[in-house]
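Student: Could we go through this model together, starting with how its helices pack and then turning to individual residues?

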Amino acid sequence: MLREQQVERLVGEALRHGPNGRTIAEERVASFLAHELRLPLAEAAVERLNLEWCRRAWRALQGASYAEVTKHAQTYRPRKAA
């Protein structure tokens, strides 16, 4: 339910602006969620969360927009090595 109603809502918002960007949108939402939950990316995967973490994830994503997700991605993206 978390994936269908929150994650897919944000990915759908991204796809309205760029219909070919599903992969990057999913990666950005996953990174945003991990940051909000203060978990490593692998541990913040929706399918790995227990009920309590799903509740926290729901609250973190509930008021979020894809614009916020994009801003997070731009702020915290890894820097390229020189």
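Student: At what angle do the axes of helix α2 and helix α4 cross?
Tutor: Helices here are DSSP runs of H or I with at least four residues, strands being E runs of at least two, and both are numbered from the N terminus. Axes are lines fitted to C-alpha atoms, for helices over the stretch in contact, and angles run from 0 to 180 degrees between N-to-C directions. In this predicted model, local features need pLDDT of at least 70 and side-chain atom pairs count only at pLDDT 80 or more, while totals for chains, interfaces and linings use all residues. The axes of α2 (residues 22-37) and α4 (residues 66-76) come within 9 Å of each other, and they cross at roughly 80 degrees.

Student: Why is α2 described as roughly perpendicular to α4?
Tutor: Angles under 35 degrees count as roughly parallel, over 145 as roughly antiparallel, 65 to 115 as roughly perpendicular and the rest as oblique. The crossing angle of α2 and α4 is roughly 80 degrees, which makes the pair roughly perpendicular.

Student: How do the residues of the contact of α2 with α4 divide into nonpolar, polar and charged?
Tutor: Contact means heavy atoms within 4.5 Å, and on the α2 side Ile24, Ala25, Arg28, Val29, Ser31, Phe32 and His35 take part, meeting Tyr66, Glu68, Val69, Thr70, His72, Ala73 and Tyr76 of α4. Ala, Val, Leu, Ile, Met, Phe, Trp, Tyr, Cys and Pro count as nonpolar, Asp, Glu, Lys and Arg as charged, and the others, Gly among them, as polar. For the contact of α2 with α4 the division is eight nonpolar, four polar and two charged.

Student: Is histidine 72 buried or exposed?
Tutor: Histidine 72 belongs to helix α4 and, not counting residues up to four places away in sequence, touches Ser31, Phe32 and His35. Buried means under 20% relative accessible area, exposed over 50%, and partly exposed in between, with a 1.4 Å probe and protein chains only. Because its relative accessibility is 8%, histidine 72 counts as buried.

Student: Which residues does arginine 28 touch, not counting those up to four places away in sequence?
Tutor: Arginine 28 lies in helix α2 and, at 26% relative accessibility, counts as partly exposed. Its partners beyond that sequence limit are Tyr66, Val69, Thr70 and Ala73.

Student: Which residues of α1 and α4 make the contact between these helices?
Tutor: The axes of α1 and α4 come within 9 Å and cross at roughly 85 degrees, so α1 is roughly perpendicular to α4. The residues of this contact divide into five nonpolar, no polar and one charged. They are Leu10, Glu13 and Ala14 of α1, with Tyr66, Ala67 and Val69 of α4.

Student: What is the relative accessibility of arginine 38?
Tutor: Arginine 38 is found in the loop between α2 and α3 (51-62), and it has a positive phi of about 55 degrees although it is not a glycine. Residues are numbered from 1 along each chain as its sequence is written, and side-chain values use heavy atoms, with hydrogens and water left out. Arginine 38 counts as exposed, its relative accessibility being 71%.

Student: Over the face of which residue does arginine 56 lie?
Tutor: A charge sits over a ring if NZ of Lys or CZ of Arg is within 6 Å of the ring centre and within 35 degrees of the ring normal. Arginine 56 lies at 4.4 Å from the ring centre of tryptophan 53.
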